[in-house]
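Have the viewer open as you read.

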Amino acid sequence: MASVQFKGIIKKFKDNTVLNGVDVDIKDHEFVVIVGPSGCGKTTLLRMLAGLEDVTGGDILIDGLRVNDLHPSKRQIAMVFQDYALYPHMTVEENMSFALRLRKTDKGEIDARVSEAASILQLQKFLKRMPKQLSGGQRQRVAIGRAIVRKPKVFLFDEPLSNLDAKLREEMRVEIAKLYQRLNATIIYVTHDQVEAMTLAGRIVIMNKGIVQQVGSPIEVYRKPANLFVAGFIGSPTMNFMHGRLSLEGEKLVFSNADIKLTVPPYLLSDQKKHDGREVTLGVRPDDVLVGRDGQDCSDKVDGVLEVCELLGHRENLYINVGGMRLLATVEAFFNRSPGSAVQLCFNYRNMHVFDKATEKRISD
Amino acid sequence: MEILRSLYEVVWFIVLIALGVGALEGYFYYHFKFHDRRWFFPAALAAFPLAALAVSAPLSAPSFAHWLWFLGAEAVVAAAFRWIVRGRHTLPYLLLAPAFVGLALLLVYPFVFEFYLSFHDLKLTTIMMWKNTGRIPFVGLDQYIKVFTTSPLSEVTFWALLGRTLLWTFTNVFFHVLGGFALALLLNNSIRFKGVYRTLLVIPWAMPQVVAVLAMRGEFHATNGFVNIVLGKIAAAFPFLAHLGVGPVQWLSDWPLTTCTIINIWLGIPFMMVVILGGLQSISSSYYDAADIDGATYFQKLRFITLPLIRPVLMPAVTLGTVWTFNNINVIYLVTGQAGGTEQADILVSALYKAAFTYNRYSYSAAFAIVVFALLFFISVTYLHGFDAAKEER
């Protein structure tokens, strides 16, 4: 087991900069999920760690050893690919033991390791089968088994669940979480799905446009997103954003734009005088938009018109028009109003986020 | 005026074919459409045998026997349409009819006639008898026995020819695959001017074989050919090589089969290259990534990933290549000089050609051709069977 460090990683494909100075420290036994929209460079970063892409600038260290120029097989890593990359002409057993056979490992040792991995992943029945005779989930397990057999220092997962259907993805997510508890290994997991990131990660690395936006535990990045991108990317449904200006009215700091006027409480922005006249973006998660009974005893009520209701079962998504803005509120089912009716809403200020409009950085505490 | 005349002939030929197809379609249309009418049989039996008699008149004088024969044939066809086909699937069959009749005329009839010939004795001494009486002596399996016991040419036996053919086929296909594979591996890298190289490499395949072979034959000319000039220069520049026996060689007279083999290898590599390149490009790069992480060397990746994964495209290509090479008369015929040239380079099919058209042993050649066909059939089935087995295990 090992630690991994990225130091000022830069990757360029000709003139196109894909990664621009990535610094991440990953500790021993840590489950780190790298998440971001497609094209943000997360898979490239993983492939560079695996040794499948050259490093343009910066250093990659595994256990303190610089591995930039080390052959992939010498880095003591194992990778699970998005399309599984199981050799189609080998049985499950041959697939899992391929690396060991290439290294001329002792036959008994190979058998022991394969059967151990097979029992962890419940693959004993399938050892003699060909990959094409397996379902997507089983193939994924074989790909993971192939990684386990090698006893690597670091496991790399490259969007391993994105080729599975939604139900199977949930099952495999639990499997991988269980596997982590059992192997207690260093795992680096790349995905574009923020649900996978939130559920699996010990720490999340959020990337966009080749730059690390925030590193933190799932609860940190959810509760205190460092900037607008993280706030919009993490959490489902997406956070509501309102653009406007802060101004001091007497002792109170007030947020206002053409449609809405709110008093910003001091626990959200301490040192209120400093912010007078600042252009900001307010972020509120749909859960913190209070409608109906939830919002009965708050001040600062806002009038809106209900546009669309989406029933999810136990919850309901309400799209509400406030002037020119559309706000999403998620409330307990059933909100018994028809579209077009007027509703009053207010916000849970404790979970509100304030970002500077120009720098997009978080300024609330 | 000459041009106009040629054009007129071509147009006339096209019109003739169109008329033929039209008549054919009309014939079948009648049988499909009116099979259940009361006048179906009388009209068919009255019209079609007479029409056939009229059409065949230029070939042989109409006779009562001919008319009876056509009448019988028409009766069988009409009965089949009335009670078996019964007008079902009219359109599909009408659309298929020209192709089927074409195939029957061009493939089935010659094959049946060849089969017939192989049990009789048609040769230079009996051909006048055939012309005058329409009969050829029946000899049973004699021709087949002769195939294995006598020489189709003046000296080389069937068995020597067979061995030579197998060696020729194996050598050619082996080097086709080897060369094609090597070139495909090179072209599969991201190199500059890849399209140009690919085009250049495919040219021998795209050129008409006659042109390519005759050009190459010139290069093997004893005194003025490129190959001997280069060999001569090398021998002059490096005397120790000359001591080892390197020098100009009488390619066409002393080493005809080797020359043919070299030329045919050059001709056959592009096809294999294109096929294998297609196979290589269909292999997902993630297999190579996985193998890199598993620690496979370049040759291990070649052995454990590339080769097994191009097998599905390679096997049919090798089967085709084997059949084509086994049957390749063009190269040998064109290089060794047409009829009456050397026999040292002859393989089964070129010997077969000479037996038929130089020595005029038609029945013997027919039997010979059927033996060659049986051999090839056996080889192809074995290959394809192996291919199916390979597919099963994937």
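## Ground rules

Helices (H or I, at least four residues) and strands (E, at least two) here are DSSP runs, numbered from the N terminus. This is a predicted model, where local features need pLDDT of at least 70, side-chain atom pairs count only at pLDDT 80 or more, and totals for chains, interfaces and linings use all residues. Residues are numbered from 1 along each chain as its sequence is written, while chains are lettered from A and ligands numbered from 1 in the order in which they are written.

A:H29 sits in the loop between β2 (16-26) and β3 (31-35) of chain A. It isn't a glycine, yet its phi is positive, about 65 degrees. With 15 other C-beta atoms within 10 Å, A:H29 counts as partly exposed (20 or more would be buried, 12 or fewer exposed, with C-beta atoms placed from the backbone).

Over in chain B, B:F193 also has a positive phi, near 60 degrees. Its loop runs between α7 (158-187) and α8 (194-206) of chain B, and B:F193 is exposed, with 9 other C-beta atoms within 10 Å.

Back in chain A, a cis peptide bond joins A:S236 and A:P237, with omega about 0 degrees. A:P237 belongs to the loop between α8 (228-233) and β11 (240-249) of chain A.
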